[in-house]
Amino acid sequence: MGERPLEIISLGAGVQSTTMALMAAHGELTPMPDCAIFADTGAEPDYVYQTVADLEELLPFPVYRVMKGEGLKSAILASTEAKGDGSYKGRFAGAPFYTTSQTDLGMGMLRRQCTREFKIEPITKKVRELAGLKPRQRAKPGQIVARQWIGISWDERQRMKEPRERWLQHRWPLIEKHMTRGHCLEWMQAHNLPLPQKSACTFCPYRTNAEWREMKADHPEAWQDAVAVDAAIRNGVRGTKEQLYVHQSMAPLDQTDLTDASAGQISFLDECEGMCGV
C-alpha cells in the first residue's frame, strides 16, 4: 500500500470500458491508471477476447486477466449434471435465467449472483493483491487503497453503485465527461480505432431480440454457444428443478421468434451492478 490510492480500470472490453482505457492512454483521462483488470467469465464471444488482446498491446499500463475457478460457463454446466441420487454435481452460479414458475423476484427469473461472483469478487481479490492487502487483512480506518474506474456512460448513469468495501472508491470517468455510448463510438472513430462491441456472456438473458438476431447473424459461434447452454439448463440446475430458459418467451432459443420487437426482453440498463455490458 503506497502513499496514494492505486488507479485501476475495471475492463469489460466492451464499448465504454475500452474507450475509457484508451482515453487514459491518450492522456485525456488522468491520472494515468496503474493497470486494468479484465474478469474473464469463460463465456465471452471471441471478439471480446480479441479486444482484450489488442488492448494488452495498445495500453501503456498492464492488463491483468482474472477468473474465478474455471469460469461461469463451466460452473453452470457442472450444476446441470445430475448424480445417481438425483442431486447435482456443481453449485449453481446464480445466472438470471427465466423459469416457468414465479420466484421471489416476482417475474419468473432467478436471482442474479453471477456478476458479483464471477466479475466483482475476482477483480476485488486482484485489487487487494495489488494493493498489498493480505488475506483477511483490513486497511486502516478511512484509508482508500484503490480507486476503481468503471465504464458506465452518461446514458446509463442509473447503474452507478458505490462499492461495498470501505477501502475501495468507485470513479466513473465517462459520466464525469457526460459521454454517452454513442460519444464513445465517435471517439474511437475519430482516433481511427476499431469499434468495440458489447461485452456480455453469450448466454446472458440481458438481451433484446435485436441483439439476439445480431448475434445469430454475425457471430454464429457465440450463438451456438448460447443455444447449447440454453438446452443444458432445460431440466433444471442445482437449487431448482424447474425448466430454465435464456429467453423470456420460455421457448428454446433456437426456436424462438426473434422478430417480435415488443417481446419485452430486459437489457443491461436493468443490470444494476454496472460491471457487465461495458
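Mentor: Begin with the elements: helices (H or I, at least four residues) and strands (E, at least two) are DSSP runs, numbered from the N terminus. Glu 221, for instance, is found in helix H8. This is a predicted model, in which local features need pLDDT of at least 70 and side-chain atom pairs count only at pLDDT 80 or more, while totals for chains, interfaces and linings use all residues. Residues are numbered from 1 along each chain as its sequence is written, and side-chain values use heavy atoms, with hydrogens and water left out.

Trainee: How many helices and strands does the chain have?

Mentor: There are 8 helices and 7 strands in the chain.

Trainee: Is Glu 221 buried or exposed?

Mentor: Buried means under 20% relative accessible area, exposed over 50%, and partly exposed in between (1.4 Å probe, protein chains only). Glu 221 has 61% relative accessibility, so it counts as exposed. Its C-alpha is 9.3 Å from that of Thr 202, a residue 19 places away in sequence. Across the chain of 278 residues, 53% are buried.

Trainee: Which residues of helix H1 are buried?

Mentor: Helix H1 covers residues 15-25, and because 10 of its 11 residues are buried, it is largely enclosed by the rest of the structure. The buried ones are Val 15, Gln 16, Ser 17, Thr 18, Thr 19, Met 20, Ala 21, Leu 22, Met 23 and Ala 24.

Trainee: What covers the buried residues of H1?

Mentor: Here contact means heavy atoms within 4.5 Å. The cover includes strand S1 (6-10), helix H2 (46-58), strand S5 (146-150), helix H5 (173-176) and helix H6 (181-190). On the scale of the chain, of the contacts between residues at least 6 apart in sequence, 66% join residues at least 24 apart.

Trainee: How do I read a nonpolar core?

Mentor: In soluble globular proteins, nonpolar side chains tend to be buried together. A nonpolar core is a set of buried Ala, Val, Leu, Ile, Met, Phe, Trp, Tyr and Cys residues joined through side-chain atoms within 4.5 Å. The largest one here has 26 residues, of which Ile 76, Phe 97, Phe 203, Trp 212 and Ile 233 touch the most other members. Helix H3 (72-78), H4, H7 and helix H8 (220-232) each supply at least two residues of this core, and H8 gives the most, with 5 residues. A second, separate core has 25 residues, among them Met 20, Ala 21, Val 52 and Phe 61.

Trainee: Which residues is Ile 233 in contact with?

Mentor: Leaving aside neighbours within four places in sequence, Ile 233 is in contact with Ile 76, Thr 80, Phe 97, Leu 244, Tyr 245 and Val 246.

Trainee: What does the side chain of Thr 124 reach?

Mentor: A polar contact is a pair of N or O atoms within 3.5 Å; within protein, one must be able to donate a hydrogen and the other to accept it, and residues adjacent in sequence count only if both atoms are side-chain atoms. Thr 124 lies in helix H4, and its side chain reaches the backbone oxygen of Ile 120 at 2.8 Å. Thr 124 is buried, with a relative accessible area of 11%. Not counting residues up to four places away in sequence, Thr 124 touches Glu 165 and Trp 167.

Trainee: What about backbone angles?

Mentor: Look at positive phi in residues other than glycine. Ala 13, in the loop between S1 and H1, has a phi of about 70° and is buried, with a relative accessible area of 0%. Asn 192, in the loop between H6 and H7, has a positive phi of about 55° but is exposed, with a relative accessible area of 73%. For the peptide bonds, check omega: the bond from Thr 30 to Pro 31 is cis, with omega near -5°. Pro 31 lies in the loop between H1 and S2.
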